[in-house]
Amino acid sequence: GWQDKPVSKVFTDIGQLEQLKVRALISRIAHGFRRMGLGLRDAYRAIDQVANGLLSSTEILAAIRFMRIECSTSEILSLISHIDEDKDNQISYEEFKNAFQGYS
């Protein structure tokens with residue numbers, strides 16, 4: 001049965017596996033926010049180091065490293081690509097909120 005196969009073989013579409021990895025990383029980040037006593041808006045403001053109302057990949061990477069969440073650069077890039085709905089290479093609060101909906 002499927003239990004005997006590696007997890008990556010169970011997913012017929014590589015996109016499904018990537019999406020699962022992104023959701024797991026979002027869950028770990030949300031846990032970090034809760035551990036620090038931050039709601040979503042406060043977490044967003046804390047990550048927005050230049051205070052321009054948008055998150056850059058550098059700011060997101062710094063926040064993940066600050067929270068000591070273990071993940072690869074490719075996982076972070078997948079996360080950003082997943083969250084960045086309008087593909088402008090910046091994360092708005094609305095995109096951030098949509099990504100973390102159900103985890104806060």
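The model is predicted. The protein chain holds six helices and zero strands. From the N terminus on, its elements run α-α-α-α-α-α. Of its 104 residues, 31% count as buried. Among contacts with a separation of 6 or more, 59% join residues 24 or more positions apart.

**Helix α3 and its buried face**

- Helix α3 spans residues 40–47.
- Its buried residues are Leu40, Ala43, Tyr44 and Ile47.
- Seen down the axis of α3, these buried residues fall within an arc of 100°, so they line one face of the helix.

**α3 against α6**

- Helix α6 covers residues 93–100.
- The axes of α3 and α6 come within 11 Å.
- They cross at roughly 130°.
- The crossing of α3 past α6 is right-handed.
- On the α3 side, the contact involves Leu40, Arg41, Tyr44 and Ile47.
- On the α6 side, it involves Tyr93, Phe96, Lys97 and Phe100.
- The residues of this contact between α3 and α6 divide into six nonpolar, no polar and two charged.
- Leu40, Tyr44 and Ile47 are buried in α3, and these residues also take part in the contact with α6.

**α4 against α5**

- Helix α4 runs over residues 57–66, and helix α5 over residues 73–83.
- The two helices pack at an angle of about 125°.
- Their axes are 11 Å apart.
- α4 and α5 are therefore oblique to each other.
- Their crossing is right-handed.
- From α4, the contact draws on Ser57, Ile60, Leu61, Ile64 and Arg65.
- From α5, it draws on Thr73, Ile76, Leu79 and Ile80.
- The residues of the contact of α4 with α5 divide into six nonpolar, two polar and one charged.

**Leu61 in α4**

- Leu61 lies in helix α4.
- Leu61 is one of the α4 residues in the contact with α5.
- Its relative accessible area is 33%.
- Leu61 and Cys71 are ten residues apart in sequence.
- In space, Leu61 and Cys71 are 10.0 Å apart, C-alpha to C-alpha.

**Two loop residues with positive phi**

- Arg68 lies in the loop between α4 and α5.
- Phi of Arg68 is near 60°, a positive value in a residue other than glycine.
- Arg68 has 71% relative accessibility. The cut-off for exposed is over 50%, so Arg68 counts as exposed.
- Asn89 sits in the loop between α5 and α6.
- Phi of Asn89 is near 65°, again a positive value in a residue other than glycine.
- Asn89 counts as exposed because its relative accessibility is 64%.

Note on methods
Residues are numbered from 1 along each chain as its sequence is written. This is a predicted model: local features need pLDDT of at least 70, side-chain atom pairs count only at pLDDT 80 or more; totals for chains, interfaces and linings use all residues. Side-chain values use heavy atoms; hydrogens and water are left out. Helices (H or I, at least four residues) and strands (E, at least two) are DSSP runs, numbered from the N terminus. Buried means under 20% relative accessible area, exposed over 50%, partly exposed in between (1.4 Å probe, protein chains only). The arc is that of the directions from the helix axis to the C-beta atoms. Axes are lines fitted to C-alpha atoms, for helices over the stretch in contact, and angles run from 0 to 180 degrees between N-to-C directions. A crossing is left-handed if the near helix is turned anticlockwise from the far one by less than a right angle, and right-handed if clockwise. Contact means heavy atoms within 4.5 Å. Ala, Val, Leu, Ile, Met, Phe, Trp, Tyr, Cys and Pro count as nonpolar, Asp, Glu, Lys and Arg as charged, and the others, Gly among them, as polar. Angles under 35 degrees count as roughly parallel, over 145 as roughly antiparallel, 65 to 115 as roughly perpendicular and the rest as oblique.
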